[in-house]
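Please have the sequence and the model open while reading.

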Amino acid sequence: MPALIVKVTCGTERVETLMQAFTVAATAAASGLEVSVWLTGDATLHALPGTEDVVIPHSPPLSQLRGAVLAAGTLTVCAQCAKRREIEEADLLAGARIAGAAAFVAEATATDATALVY
């Protein structure tokens, strides 16, 4: 089970929060922790190829942070959120997945897991 679970609940309407969530997750992955990022709401769009990259001052681009998570951890799209947006598993970036609340609860309540919500 992942040691750090980061749930991202916002998209570009709260760009600094979005970027902070991915920065924390990418930093944890680079530090050797098992990381799992869960995307809900409009954050789900950042698991799709072709979504415009997000860039803000003093931060690596979202694509680079997301790439670090995908290389060393798990990127999951909320099943209900995906369904509402007509997103299928085949639509996602390579390595991303769709899973439901039961999987999130299992990860977030595992022994030695820390869950952060942004």
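Why is strand β1 (residues 4-8) largely enclosed by the rest of the structure? Four of the five residues of β1 are buried, so the strand is largely enclosed; buried means under 20% relative accessible area with a 1.4 Å probe and protein chains only, and strands (E, at least two residues) and helices (H or I, at least four) are DSSP runs numbered from the N terminus.

The model is a predicted one, in which local features need pLDDT of at least 70 and side-chain atom pairs count only at pLDDT 80 or more, while totals for chains, interfaces and linings use all residues. Residues are numbered from 1 along each chain as its sequence is written, and side-chain values use heavy atoms, with hydrogens and water left out.

Strands β1 and β2 (residues 35-39) run parallel and are joined by five bridges, pairing being assigned if DSSP finds at least two bridges between two strands. With β5 (residues 114-117), β1 pairs in the parallel sense over four bridges, and there Ile 5 stands opposite Ala 115.

**An aromatic pair and a charge**

In β2, Trp 38 stands opposite Lys 7. Trp 38 also forms an aromatic pair with Phe 104, with 5.3 Å centre to centre and 80° between the planes, making it edge-to-face (ring centres within 6.5 Å; planes over 60 degrees apart, the six-membered ring being used for Trp). Phe 104 belongs to helix α4 (residues 101-108), 66 residues apart from Trp 38.

Trp 38, at 3% relative accessibility, counts as buried, as does Phe 104 at 18%. The charged end of Lys 7 sits over the ring of Phe 104, 5.2 Å from its centre, the criterion being NZ of Lys or CZ of Arg within 6 Å of the ring centre and within 35 degrees of the ring normal.

Terms used. Buried < 20%, exposed > 50% of the residue type's maximum accessible area, 1.4 Å probe, protein only. Phe/Tyr/Trp six-rings, centres within 6.5 Å; stacked < 30°, edge-to-face > 60°.
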